[in-house]
Amino acid sequence: MGKSSKDKRDIYYRLAKEQGWRARSAFKLLQIDEEFDLFKDVHKAVDLCAAPGSWSQVLTKKLNENRVNDASPPKIVAVDLQAMAPLEGVIQIQGDITKSSTAEQIISYFEGELADLVVCDGAPDVTGLHDMDEYIQAQLLLSALNITTHILRPGGTFVAKIFRGKDVTLLYAQLKVFFPVVTCSKPRSSRNSSIEAFVVCQNYAPPEGYTPTMANPLMDFSYGPENELLGTNRVIVPFVACGDLSGFDSDKTYPLEKESLDPLQPPISAPYKTAISLKQQNFYNKVP
Ligand code: SAM
């Protein structure tokens, strides 16, 4: 697909290039912030599953706005499986958030200090098998939550992508163990056609005596009918649509008014790189 057709199809993709964000996802965090005032008094933050880095760009901008006079610069740690182009003021870790070695690296950067905010926009490579995709997404969210229990200050906020699948109430129940206020939010820039939403978990308050552990007790929970929360045990959290609802609709196509721009940050190690290079060498035409 040519870049101009993607430009026509997706208004937020185009706006991201015009406004200098590395990905359209920046608008999701900005619109969640419009509703929840996420960055108030935030000076230290962790961006899990951060590549190509638009949420880290938002964090850099917002946390620097919070900085008063000669206060020390904000601390932002960004983590992803994939390499990410450098961003000024952001400490980058290339690693898997489901591995304890990555979690330990993140914790070590905090040197005993605690973060005010942890965000996670992690998504697995979607297979199209909905149960599998929802399960992997849930495991990613629980890994992020587990890391969060090590580095978030009491009272802090955790924001994470969630798939609103059939087992979502179990995840809400797990989040509610640590956060008294959990809201499911759907920013305007997240397509209605997608089951993606974002949980905004506020006022971190782990159960009394809870000791964070890397042997993740939350993960590998067996999902399925035997663990379905029913009746009064079913946890329902408020659902909030956020962003300017009379603004751009991410499911609509808008005419292309300006010339198409190049992406701000093309992938630095695209998975399709080898295929392109083989194509340039005419490799595929030679195969009988
Ligand atoms: N928030 C990012 C931004 O604004 O640029 C976009 C994040 S993208 C939707 C999802 C990211 O999750 C991908 O870069 C992917 O590499 C990362 N990811 C998926 N599984 C991961 C894992 N186990 N550990 C670390 N990163 C992971």
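Here is a quick walk through a predicted model of a protein chain, from its overall scores to a few local details.

Residues are numbered from 1 along each chain as its sequence is written. Because the model is predicted, local features need a pLDDT of at least 70 and side-chain atom pairs count only at pLDDT 80 or more, while totals for chains, interfaces and linings use all residues; side-chain values use heavy atoms, with hydrogens and water left out.

**Overall picture**

Let's start with confidence. The model has an ipTM of 0.99 and a pTM of 0.87. Mean pLDDT (the predictor's confidence in each residue, from 0 to 100) is 86 for the protein chain, and 90% of the residues score at least 70. Where pLDDT is low, the predicted coordinates should not be read in detail.

The protein chain has nine helices and eight strands. These are DSSP runs numbered from the N terminus, with H or I over at least four residues for helices and E over at least two for strands. Of its 288 residues, 47% count as buried, where buried means under 20% relative accessible area, exposed over 50% and partly exposed in between (1.4 Å probe, protein chains only). Taking contacts (heavy atoms within 4.5 Å) with a separation of 6 or more, 73% are between residues 24 or more positions apart.

**Two covered helices**

Helix α2 (residues 11–19) is mostly covered, with seven of its nine residues buried. The buried set is I11, Y12, Y13, R14, L15, A16 and K17. At the start of α2, a side-chain oxygen of D10 comes to within 2.9 Å of the backbone nitrogen of Y12. Just after the helix, G20 has a positive phi of about 85°.

Helix α7 (residues 168–178) is mostly covered too, with nine of its 11 residues buried; among them are V168, L171, Y172 and F178. The buried residues of α7 pack against α6 (130–151), β5 (152–163), β6 (181–187) and β7 (196–202).

**How α3 meets α4**

Helix α3 (residues 26–36) packs on helix α4 (residues 54–66) at about 45°, with the axes 8 Å apart. Axes here are lines fitted to C-alpha atoms, for helices over the stretch in contact, and angles run from 0 to 180 degrees between N-to-C directions. That makes α3 oblique to α4, since angles under 35 degrees count as roughly parallel, over 145 as roughly antiparallel, 65 to 115 as roughly perpendicular and the rest as oblique. On the α3 side the contact uses A26, K28, L29, L30 and D33, and on the α4 side S54, W55, V58 and K62.

Most residues other than glycine have a negative phi, and most peptide bonds are trans.

| Residue | Phi | Relative accessible area |
|---|---|---|
| D37 | near 50° | 48%, partly exposed |
| E111 | near 40° | 63%, exposed |

D37 lies in the loop between α3 and β1, and E111 in the loop between α5 (100–109) and β4. There is also a cis peptide bond joining A51 and P52, with omega about 0°; P52 is in the loop between β1 (44–48) and α4.

One more loop residue is S260, between β8 (239–242) and α8 (273–280). Is S260 buried or exposed? At 17% relative accessibility, S260 counts as buried.

Key: Polar contact = N/O pair within 3.5 Å; in protein donor to acceptor, adjacent residues only side chain to side chain.
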